[in-house]
Amino acid sequence: QVQLVESGGGLVQAGGSLRLSCTTSGRTGSLWTIGWFRQAPLKEREFVAAIRWNMYRTDYAESVKGRFTISRDNARNTVYLQMNSLKPEDTAVYSCAVDTDSLPLWPPKLPRQYDYWGQGTQVTVSS
């Protein structure tokens, strides 16, 4: 079984930064993709960023390119989402998820492609 725990959310002013962490426990796999998604009130869950577990391959939603950076520390079983230049429209619950076998189609951008999810962490950006 795989457990995911997010942390790092909070309240920040527009233009500020936050770093989210997603720590996995249990087994890991070389074919994994770790994704970040977000869901704002009354909106569908949307893809934010993804990273391969065993190579440095990343992908981002257009809305966050140039502002957000996804990275990983395999020794700590942790994936990070550094969020800079935050905007009020970034306000949402952010969740990380694991796709255990995303090849050959990569990146997986649909929630249904992911197998395990964390509980989410709230990010609120004030104007």
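Visitor: Is Asp90 buried or exposed?

Guide: Asp90 is buried, as its relative accessible area is 1%. The word buried stands for under 20% relative accessible area, exposed for over 50%, and partly exposed for what lies in between (1.4 Å probe, protein chains only).

Visitor: Before we go on, what kind of model is this?

Guide: This is a predicted model, in which local features need pLDDT of at least 70 and side-chain atom pairs count only at pLDDT 80 or more, while totals for chains, interfaces and linings use all residues. Residues are numbered from 1 along each chain as its sequence is written, and side-chain values use heavy atoms, with hydrogens and water left out.

Visitor: Back to Asp90, then. Which side chain does it meet in a salt bridge?

Guide: The side chain of Asp90 forms a salt bridge with that of Arg38, at 2.9 Å from N to O. A salt bridge here is a side-chain nitrogen of Lys or Arg within 4 Å of a carboxyl oxygen of Asp or Glu.

Visitor: Where in the chain do Asp90 and Arg38 sit?

Guide: They are 52 residues apart, so the pair links distant parts of the chain: Arg38 belongs to strand S4 (residues 33-39), and Asp90 to the loop between strand S8 (78-83) and strand S9 (92-99). Strands (E, at least two residues) and helices (H or I, at least four) are DSSP runs, numbered from the N terminus.

Visitor: And Arg38: buried or exposed?

Guide: Arg38 is buried, with a relative accessible area of 6%.

Visitor: How many salt bridges does the structure hold?

Guide: The structure holds six. Another of them joins the side chains of Asp59 and Lys109, at 3.2 Å from N to O. This pair also connects distant parts of the chain, 50 residues apart, with Asp59 in strand S6 (residues 58-60) and Lys109 in the loop between S9 and strand S10 (116-117).

Visitor: What is the relative accessibility of Asp59?

Guide: For Asp59 the value is 19%, and the residue counts as buried.

Visitor: Which side chain meets Arg76 in a salt bridge?

Guide: That is Asp73, at 3.3 Å from N to O. Asp73 counts as partly exposed at 24% relative accessibility, whereas Arg76 counts as exposed at 59%.

Visitor: Where is the place of Arg76?

Guide: Arg76 lies in the loop between strand S7 (68-73) and S8. From Thr23 it is 53 residues away in sequence and 7.6 Å away in space, C-alpha to C-alpha.

Visitor: Let us change topic. What does Thr24 touch?

Guide: Leaving aside residues up to four places away in sequence, Thr24 touches Gln3, Leu4, Trp32, Trp53 and Asn77. To touch, or to be in contact, is to have heavy atoms within 4.5 Å. Thr24 has its place in strand S3 (residues 18-26) and counts as buried at 5% relative accessibility.

Visitor: And Val48: buried or exposed?

Guide: Val48, found in strand S5, is buried with a relative accessible area of 1%. Not counting residues up to four places away in sequence, its contacts include Trp36, Phe37, Arg38, Asp59 and Tyr94. The C-alpha atoms of Val48 and Gln119 are 16 Å apart in space, and the two residues are 71 apart in sequence.

Visitor: Now the whole chain. How many helices and strands are there?

Guide: The chain has zero helices and 11 strands. Its radius of gyration is 14 Å, close to the 14 Å that the globule rule gives for 127 residues, so the chain is as compact as a globular protein of that length. The radius is taken over C-alpha atoms, and the rule is 2.2 Å times the number of residues to the power 0.38.

Visitor: How many of the 127 residues count as buried?

Guide: Of the 127 residues, 45% count as buried. Among contacts between residues at least 6 apart in sequence, 58% join residues at least 24 apart.

Visitor: Finally, what box do the C-alpha atoms fill?

Guide: Taken along the principal axes, the box is roughly 40 × 25 × 25 Å.
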